[in-house]
Amino acid sequence: MLPLKEKDKPVVQKLLSAGCCARCVLRFCSVSVQAAYRQAQQVGPPRPIHDSGCEGACAETLTALLTGTVAVKTTVTCCGVFSQIAEAVKAEKYEFDTMVLSVSLPAQLCVREVSVEKGLLFDKDDVIQVKEAFKWVMQGLVAKQLGGVAVVTKSAFEVGVEFTHPETDADCHFLASACPDCFKPTKNKQSVFTRMAVVKALEKISDAKFLKHYPCPPTQPTSSCSPQDVQCLHTSVFVAGRYNKFSRSLPQTPWLIDGERRMESSVEELIAAPLLAAFRADGFNFSSSGREDVDVRTLGNGRPFAMELLKPHKSRFNRAEMKQLQETINVSSDKIRVRDLQIVTREAMSRMKEGEEEKTKSYTALIWTQKPIQREDIIFIDDIKDLTLDQKTPLRVLHRRALAVRQRVIHSMNARFLDPHHFYLGLKTQAGTYIKEFVHGDFGRTKPNLCELLKTDADILELDVESVDVDWPPAIPE
């Protein structure tokens, strides 16, 4: 039974006689029960129409119209919007789990709605909008057509449908002369009769002037609205994980000098290639929790990274498929390895950015000293705790970072003697500490430095990142 009351009977009769479709009758009666708008189209014998008040004639008539057992001409207010989308969406061949359905309707529907209200002497401010009723009707149908995809209010995938109705385009034109200040030409709009401009004019125009220039109720159209443009916009999908880098000749990002590539590949390209193919994306943006130099390895649990895949055509991946995709990346090159690969939200990526400055990192460095050393000469290093450094922007990055003095903390160190000119130095530091500059001093730009502590010139021959202590993304059991 439709959720109509006895008091709705005269309203329903007026709306039906004016040429409104069943769903528009429900809208003007402020029916907010979504199921009433979603009754499936069925073919069957006409239902009997009884004259027993609103529970009889009006309800039966509406039910018959909704189920398709009684024919109705194109509605005067919604112009047949409710029957145009499923095939257009299905033809796009995207693969996704959820979607948002957005609708752009002809501006003249606002004029026709006002005409019905004024012509039938309605004074209602709780009429259900065409757009809302349209979504209630279509969400289930679209979901069914697309294999059970959930139509939600927030999703990376959006289907935008723009409807037009050329037959009634002129319905808005009288407003331009009645309220000329509401219609201003703009560079990006083909017509001045935008929905916002029409709504503004309708709020401004007097009842008398409206009734003088536009019929109430409006005339019956002979055609339905049609989708002029259906756009499927999968804005971005975010994939995160951790990577190890085993090569000392692999940059994190493409290494270009004067526009020319100086190295064959990069970390981000090795990771991105399989992801772009699997997600059928148009491009990507790569970010990570810090970055290592081209000659630095990243070991241990790896460095957290995230990749924004732009306009992907597929985003439906289960855990097994993501694990297989991770394996595809790992077998493609012996220079990197990826772990904990997973799809994440944009909001979750903030966890990685927080770690860039707030977390700690551990390193192992191979140190050379100019003056011969003994094991006893480096024992004191193990006792140094929370050493505060003043690091002026290193000369090697001054071209891309602002000149400043940054304080960084080395929380602990340990030394392992190799020979009179070499030892291994382990460090646990605040994120953002320049390790190479701490070792050689960068011409006095980092103070204190290892040269000062050892009282001899020193340099760094090899550097490995042992851990990046950011608890993100969540670990995935092997």
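For strand pairing I went with DSSP finding at least two bridges between two strands. Helices (H or I, at least four residues) and strands (E, at least two) are DSSP runs, numbered from the N terminus.

I noted that this is a predicted model, with local features needing pLDDT of at least 70 and side-chain atom pairs pLDDT 80 or more, while totals for chains, interfaces and linings use all residues. Residues count from 1 along each chain as its sequence is written, and side-chain values use heavy atoms, leaving out hydrogens and water.

**Sheet.** I found an open, mixed sheet of four strands, ordered β2-β1-β3-β4. Its edges are β2 (150–151) and β4 (226–234), each pairing on one side only. I then checked β3 (residues 157–164): eight bridges tie it to β4, antiparallel. Val159 has Cys232 of β4 as its bridge partner.

**Salt bridges.** My cut-off was a Lys or Arg side-chain nitrogen within 4 Å of an Asp or Glu carboxyl oxygen. The structure has 19 of them.

I looked at Asp464 and Arg248, which meet at 2.8 Å, N to O. They sit 216 residues apart, Asp464 in β16 (residues 458–468) and Arg248 in the loop between β5 (236–245) and β6 (256–257).

Buried or partly exposed? I used under 20% relative accessible area for buried, over 50% for exposed and partly exposed in between (1.4 Å probe, protein chains only). Asp464 is buried at 8%, and Arg248 is partly exposed at 25%.

Next I took Lys436 and Asp293, whose closest N and O atoms are 2.9 Å apart. Lys436 lies in helix α14 (residues 435–440), 143 residues from Asp293.
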